Amino acid sequence: MNITNLLRTRQGERRMNPTFGSRLWTIVFDQNDDFIVKRIENIVREDVAQWIPGITVSKVEVSGDQDADRDTYTLHIAVTFVIDSINATDTVQLTLDVNKV
């Protein structure tokens, strides 16, 4: 749940902790080019490392809607992570949707 809350929170959204949040929201309107997937992966890894100690991100999968009838400004992100203290692996999935900014 902490990863989901972090990635859904925009920096500056929390008054008493304005630096908390994910930088994913800074690239919502960027071009969907060949480099965006790597940028999203780097942002997720760096933000989780900074704000959630004891968690190691092992994999970040990014995909868009492939159906032509669907919104092309939506990204689906799956973050696979390991809880270091108990060596447990889990995956969190979330949708980054420009219509919900």
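Reader: Is Phe20 buried or exposed?

Author: A residue is called buried under 20% relative accessible area, exposed over 50%, and partly exposed in between, with a 1.4 Å probe and protein chains only. Phe20 has a relative accessible area of 12%, so Phe20 is buried.

Reader: What kind of model is this?

Author: This is a predicted model, in which local features need pLDDT of at least 70, side-chain atom pairs count only at pLDDT 80 or more, and totals for chains, interfaces and linings use all residues. Residues are numbered from 1 along each chain as its sequence is written, and side-chain values use heavy atoms, with hydrogens and water left out.

Reader: What is the mean pLDDT of the chain?

Author: The term pLDDT stands for the predictor's confidence in each residue, from 0 to 100. Where pLDDT is low, predicted coordinates should not be read in detail. For this chain the mean is 84, and 86% of the residues reach 70 or more.

Reader: How many helices and strands are there in the chain?

Author: Helices (H or I, at least four residues) and strands (E, at least two) are DSSP runs, numbered from the N terminus. The chain has two helices and three strands, and along the sequence they follow the pattern α-α-β-β-β. Among these elements, helix α2 (residues 36-51) has the highest mean pLDDT, 92, while strand β3 (residues 88-97) has the lowest, 89.

Reader: Which residues have the most contacts inside the largest nonpolar core?

Author: In soluble globular proteins, nonpolar side chains tend to be buried together. A nonpolar core is a set of buried Ala, Val, Leu, Ile, Met, Phe, Trp, Tyr and Cys residues joined through side-chain atoms within 4.5 Å. Here the largest core has 25 residues, and Leu24, Ile40, Val44, Val48 and Ile77 have the most contacts inside it. Two or more residues are given to this core by each of α1 (2-8), α2, β1 (55-64), β2 (74-83) and β3. The largest share, five residues, comes from α2.

Reader: With which residues is Val48 in contact, leaving aside its neighbours within four places in sequence?

Author: Contact means heavy atoms within 4.5 Å. With those neighbours left aside, Val48 is in contact with Ile3, Leu6, Ile55 and Val57.

Reader: Where does Val92 lie, and which residues does Val92 touch, not counting those up to four places away in sequence?

Author: Val92 belongs to strand β3 and is buried, its relative accessible area being 12%. Beyond four places in sequence, Val92 touches Thr4, Ile77, Ala78, Val79 and Phe81. The C-alpha atoms of Val92 and Met1 are 8.2 Å apart, although the two residues are 91 apart in sequence.

Reader: With which side chain does the side chain of Asp47 make a polar contact?

Author: A polar contact is a pair of N or O atoms within 3.5 Å; within protein, one must be able to donate a hydrogen and the other to accept it, and residues adjacent in sequence count only if both atoms are side-chain atoms. The partner of the Asp47 side chain is the side chain of Ser22, at 3.2 Å. Asp47 is in helix α2 and, at 1% relative accessibility, counts as buried.

Reader: How many aromatic pairs does a search of the whole structure find?

Author: A pair of aromatic rings is described by the distance of the centres and the angle of the planes. Rings of Phe, Tyr and Trp (its six-membered ring) pair if their centres lie within 6.5 Å; planes under 30 degrees apart count as stacked, over 60 as edge-to-face and the rest as tilted. The search finds one pair. The ring centres of Phe20 and Trp51 are 5.1 Å apart and the planes stand at 75°, so this pair is edge-to-face. The pair links distant parts of the chain, 31 residues apart: Phe20 is in the loop between α1 and α2, and Trp51 is in helix α2. Trp51 counts as partly exposed, at 23% relative accessibility.

Reader: What is the phi of Asn87?

Author: Most residues other than glycine have a negative phi. Asn87 has a phi near 55°, a positive value in a residue other than glycine. Asn87 is located in the loop between β2 and β3 and counts as exposed, at 62% relative accessibility.
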